[in-house]
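Please look over the chain shown here before reading on. The numbered points below take up its salt bridges, its strands and its core.

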Amino acid sequence: EADLGPDSAAKSPVETMAASVSLLNTGADMLSGEGLKSAAQTIAVSAAEGSTSTLAPFAAIGGSKARVKSWNAALGFAKEVSNSRGKLMFAPVIEYGRGNYDSYLDNGTHGDGKSTFTGVGIMAKQTNTDGIYYEGSLRAGRAKSDYKSNFVGTPVSYDTSAPYYALHLGAGRVIDLNADDSLDYYGKLLYSHQNGQRG
């Protein structure tokens with residue numbers, strides 16, 4: 001039997017705050033995927049044009065239509081340098097994310113809100129000549145959220161702001177199967193932390 005009391009309705013504001021952390025994780029996933037890919041493509045284009053001495057600008061955009069409808073963007077400057085094991089790419093970035101969230105409970109409570117974050121960071125990827133690579137990023141900034149609902153029949157709303165920091169670590173290896181095909185297997189760890197909320 002569904003719990004229709006005030007204690008059940010109290011889950012609604014908490015779920016919305018969890019959506020803010022989910023948005024940060026989506027940003028980390030986008031940066032470690034499309035962000036690194038876009039930076040590498042920009043470096044390749046710059047190298048083809050004969051420019052290897054300056055930072056190459058790049059942009060990456062991603063989105064999600066899961067429980068939190070969100071989109072994320074990152075802008076940065078990438079550079080690649082050769083070393084004894086292969087090549088090291090690094091890029092300072094600025095990031096922005098925005099998401100909307102709806103919460104529906106069995107007792108009729110409907111909560112909705114939006115979250116945004118803005119931050120800066122740096123990401124890097126070392127690619128060795130033997131196909132092994134490892135990567136990482138470190139980000140920090142501020143996340144903001146707002147929320148409103150008919151909390152057990154009473155209108156409730158809040159606005160919060162809190163700093164966050166996040167990182168990701170990954171490693172993998174590319175194995176050439178033939179002249180046209182290769183196998184890329186990897187793993188990565190994403191971590192995001194948001195400090196206590198302040199209204």
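**Notes on the predicted model**

1. The structure holds four salt bridges. A salt bridge here is a side-chain nitrogen of Lys or Arg within 4 Å of a carboxyl oxygen of Asp or Glu. This is a predicted model, in which local features need pLDDT of at least 70 and side-chain atom pairs count only at pLDDT 80 or more, while totals for chains, interfaces and linings use all residues. Residues are numbered from 1 along each chain as its sequence is written, and side-chain values use heavy atoms, with hydrogens and water left out.

2. The chain has two helices and seven strands, in the order α-α-β-β-β-β-β-β-β from the N terminus. Helices (H or I, at least four residues) and strands (E, at least two) are DSSP runs, numbered from the N terminus.

3. Strands β1 (residues 56–65) and β2 (residues 69–82) run antiparallel and are joined by 10 bridges; two strands count as paired if DSSP finds at least two bridges between them. Ser 64 stands opposite Ser 70 of β2. Strand β2 also pairs with β3 (residues 86–104), again in the antiparallel sense, over 12 bridges. A hairpin of three residues leads from β2 to β3, and Ser 82 has Lys 87 in β3 as its bridge partner.

4. Lys 87 also forms a salt bridge with Glu 80, with the closest N and O atoms 3.8 Å apart. Glu 80 counts as partly exposed because its relative accessible area is 33%, and Lys 87 is partly exposed at 42%. The classes are buried (under 20% relative accessible area), exposed (over 50%) and partly exposed in between, with a 1.4 Å probe and protein chains only.

5. Which residue meets Glu 95 in a salt bridge? The partner is Arg 139, at 2.9 Å from N to O. The pair links distant parts of the chain, as Glu 95 is in β3 and Arg 139 is in β5 (residues 132–151), 44 residues apart. Both Glu 95 and Arg 139 are buried; for Glu 95 the relative accessibility is 5%. Leaving out residues up to four places away in sequence, Glu 95 touches several others, including Ala 73, Phe 117 and Tyr 164; contact means heavy atoms within 4.5 Å.

6. Another salt bridge joins the side chains of Lys 114 and Asp 146, at 2.7 Å from N to O. Lys 114 lies in β4 (residues 110–128) and Asp 146 in β5, so this pair ties together parts 32 residues apart in sequence.

7. The largest nonpolar core has 13 residues, of which Ala 39, Phe 58, Ala 78 and Met 123 touch the most other members. Helix α2 (11–48), β1, β2 and β3 each supply at least two residues of this core, and α2 gives the most, with five. Such a core is a set of buried Ala, Val, Leu, Ile, Met, Phe, Trp, Tyr and Cys residues joined through side-chain atoms within 4.5 Å. Beyond its neighbours within four places in sequence, Ala 78 is in contact with residues including Ala 39, Ile 43, Phe 58 and Phe 90. A second, separate core of five residues includes Leu 23, Leu 24, Phe 117 and Tyr 164.

8. Of the 199 residues of the chain, 39% count as buried.
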